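Subject: Handing over a structure

Dear colleague,

I am passing on the structure below for you to open and look through. Please keep it in view while you read the notes that follow it.

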Amino acid sequence: MKRPARSLQRITPQQLRAFEAVARLGSVTRAAQELHVTQPTVSVQLRELARAVGEPLFEAVGRRIRLTQAGEALQRTVGEIDGCWLRFESNMAEVRGLVRGRLRIASVTTAEYFVPDLVGPFAAEHPGVEIELAVENRDRVVERLYRGEDDLAVMMLPPADVPLETAPIMDNPLVVIAPATHPLAGRKVRLAQLAGDRWLMREPGSGTRLVAEEHFAEAGFEPRIAMSLGSNEAIKHAVAAGLGIAVVSRLVVESSVPARRRGGAGLVVLDVARFPIRRRWSVVWRRDQLRTLAARRFVDYVERERRLAG
Ligand code: PGA
């Protein structure tokens, strides 16, 4: 590392503080008052500083003093040093946040099938970061975004009226599921052929429901809605039990072995024209909100995982 000239290395923080105060206040007396030291102390500090620099730092103009060219250069340098310390201070605050901090993530219910798997390795790598994961439907996650409650949110349909940044996580194909005994199982199906079926929908406020409704409207299809259910698991079991058919994320069908053992064996994905509906999950955050180091690290980690997954 290149070091400053030997004389400059003798400069002390106290001398720089005295110099900064005199330069700013234009008076040794007022600087001494501000620093709670005597006026001769400040004068001595300035004299020693000027000797170390090798140039006078102030010159007298009538009864006032002003900075010489060397003094001005030193004043700029002192400003830069202060800036460096401030940056260091905020870096340390961030490092402390990583060592002992919190990461609040809101996730839509459908993403509950993969978010814990995603969060797990990150949490293991950052044992000091306490992760709070709230799992709610899309409307609730949007409300939390409005209120700025979380550091990050995982969702399929980010709202357009909040300033957001997004990073994609993974594809979310939505499929039509039916009981394995459905007469159209294993055949090519048109939506119109499902007009007589009983459709089970997620509750209003669900992103899955919103996408399904928009898709049906575009196709000019009116489903016979028999029931609304408040969770993907409830839908899955109701379909397996023969209560009707439904649009769900493919992940819901593929999820967890115990669920498959309980109800999954009784389910099929119908091969319906215009399906799967292709959507994607993203991690999002408010652009107008300061992102913590833990949140930035999490997004980097998500992007790394996505690259690895191809
Ligand atoms: P939801 O989530 O159906 O659980 O509300 C959908 C989504 O936005 O991924």
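This is a predicted model: local features need pLDDT of at least 70, side-chain atom pairs count only at pLDDT 80 or more; totals for chains, interfaces and linings use all residues.

The ligand is the next thing to find, and its shell draws at least three residues from each of domain 2 and domain 3. Around the ligand you will see Val108, Thr109, Thr110, Asn137, Arg138, Met156, Arg202, Ser206, Gly207, Thr208 and Trp281, a shell that divides into three nonpolar, six polar and two charged residues.

Which residues of this shell bring a polar atom to an oxygen atom of the ligand? One of them is Thr208, with an N or O atom of its side chain 2.6 Å from a ligand oxygen, and another is Trp281, where a polar side-chain atom lies 2.9 Å from an oxygen atom of the ligand. Met156 takes part through its backbone, a polar atom of which is 3.2 Å from an oxygen atom of the ligand.

As for how far the ligand is covered, it would expose 280 Å² if taken alone, and the protein buries 100% of that area. The space that the ligand takes up is also the largest cavity.

With best wishes

Note on methods
Residues are numbered from 1 along each chain as its sequence is written. Side-chain values use heavy atoms; hydrogens and water are left out. A residue is near a molecule or strand if one of its heavy atoms lies within 4 Å of it. A polar contact is a pair of N or O atoms within 3.5 Å; within protein, one must be able to donate a hydrogen and the other to accept it, and residues adjacent in sequence count only if both atoms are side-chain atoms. Accessible areas come from the Shrake-Rupley method with a 1.4 Å probe; for residues, only the protein chains shown count as cover. On a 1 Å grid over the protein atoms alone, a cavity is a set of points where a 1.4 Å probe fits but cannot get out, and a pocket is an open set with protein on both sides within 12 Å along at least five of seven lines; lining residues have an atom within 4 Å of a point. A molecule sits in a cavity or pocket if more than half of its atoms lie within 2 Å of its grid points. Ala, Val, Leu, Ile, Met, Phe, Trp, Tyr, Cys and Pro count as nonpolar, Asp, Glu, Lys and Arg as charged, and the others, Gly among them, as polar. Domain bounds come from an automatic or database domain assignment.
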